[in-house]
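Q: Please take a close look at the aromatic pairs in this structure. Which residues form them, and where do they lie?

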Amino acid sequence: MSNTNVSSNDFRDYSLDSWDHCNVLLLALSTFHHSGVMEENKFIWNDAEEYTGIYQLDPVPKMLSAHLKKQGEYLDKMILLCTDAVRNDRKKMKIEYLDGKSECIPGELTALEYFKSKMRPYLNPDIEEQEQFIVVPVNEKKIEEGMAETIRIVRTLRNPRLYIDPHGGFREVSLVAEAVISLLKVEGIEVAGIYGIEHGQGKENKIVDGSAGFHIFDFVSGINEFINYGRANSLESFLKKSTRTDGKQENVWQNRLVRCIRTISEGIQLCNIPVFEGGLDELTQFFAAAE
């Protein structure tokens, strides 16, 4: 949140006007590796910034926390999607560091306990621990329940600025993330960023922007809306978001395509055949010129 000079009790009341927004990261936790060993690795962001991570979900929260601090903000909350194994299975783990040293974690911990203990320094210090982490139990055979609970939680936050890391956890985590993005968008809640991990050779990997892969669903939804109902709102929104700002020629083509689609949509909605046919002619010319 941009304003942190209030008590932790005030934090629970998101109706307070003193709060601007809540920076929240959604991610699904992974179980510990069956070998009982975790290796420290390097993760590079934008080919310049270096972060280290031991547990699979460490790098993105660290990067996001650092960038928010540069803006005078904090990462306020994490919504953690957790299977029974993540919450309950205890394991004695050994850590192997980049400098060749190693150590065993005292006692046996669950993946959830370990992650929370390591992430506290990267979250808003003015918020109590029980408010920092929001655990959503997930049954992989009933993921719709986890989706519904996640959406309910985000709705309770005042002006949530949502970030997503979909690279960990159970197999359907990307499906959950896409469902959350789509359903919250209807309520005007947009996702501020989507980040993942690209594994490289050795112990050096990359933190990557994964937004493009998720936005393709907006394109598919927009095409379906246009074909089935003659509406162009979603498709226009997608094209405007994906318009490149580093090349004027790309902008010209995008704008021309939007005009064609809008003309066809208006012709259908107004039952104006000449306008509809004119839009189809324009679209035909557009694709002919693009070949």
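A: The model, which is predicted, holds six aromatic pairs. One of them joins phenylalanine 32 and tyrosine 114 in an edge-to-face arrangement, with 6.0 Å centre to centre and 70 degrees between the planes. Phenylalanine 32 sits in the loop between β1 (22-28) and β2 (37-39), while tyrosine 114 belongs to helix α4 (residues 111-119), so this pair ties together parts that are 82 residues apart in sequence. Both phenylalanine 32 and tyrosine 114 are buried. A further edge-to-face pair consists of tryptophan 45 and tyrosine 195, at 5.5 Å centre to centre and with 80 degrees between the planes. This pair also links distant parts of the chain: tryptophan 45 is in strand β3 (residues 41-45) and tyrosine 195 in strand β10 (residues 191-198), 150 residues apart. Tryptophan 45 counts as buried because its relative accessibility is 10%, and tyrosine 195 counts as buried at 12%. Phenylalanine 32 and tyrosine 114 also belong to one aromatic cluster, together with Tyr55 and Phe115.

Aspartate 165 lies in strand β9 (residues 160-165). Aspartate 165 is buried yet has no salt bridge, and the nearest side chain of opposite charge, lysine 62, is 12 Å away. The side chain of aspartate 165 does make a polar contact with the side chain of histidine 167, at 2.5 Å.

Definitions and conventions:
Residues are numbered from 1 along each chain as its sequence is written. Side-chain values use heavy atoms; hydrogens and water are left out. Helices (H or I, at least four residues) and strands (E, at least two) are DSSP runs, numbered from the N terminus. Buried means under 20% relative accessible area, exposed over 50%, partly exposed in between (1.4 Å probe, protein chains only). Lys and Arg count as positive and Asp and Glu as negative; His and the chain ends are not counted. A salt bridge is a side-chain nitrogen of Lys or Arg within 4 Å of a carboxyl oxygen of Asp or Glu. A polar contact is a pair of N or O atoms within 3.5 Å; within protein, one must be able to donate a hydrogen and the other to accept it, and residues adjacent in sequence count only if both atoms are side-chain atoms. Rings of Phe, Tyr and Trp (its six-membered ring) pair if their centres lie within 6.5 Å; planes under 30 degrees apart count as stacked, over 60 as edge-to-face and the rest as tilted.
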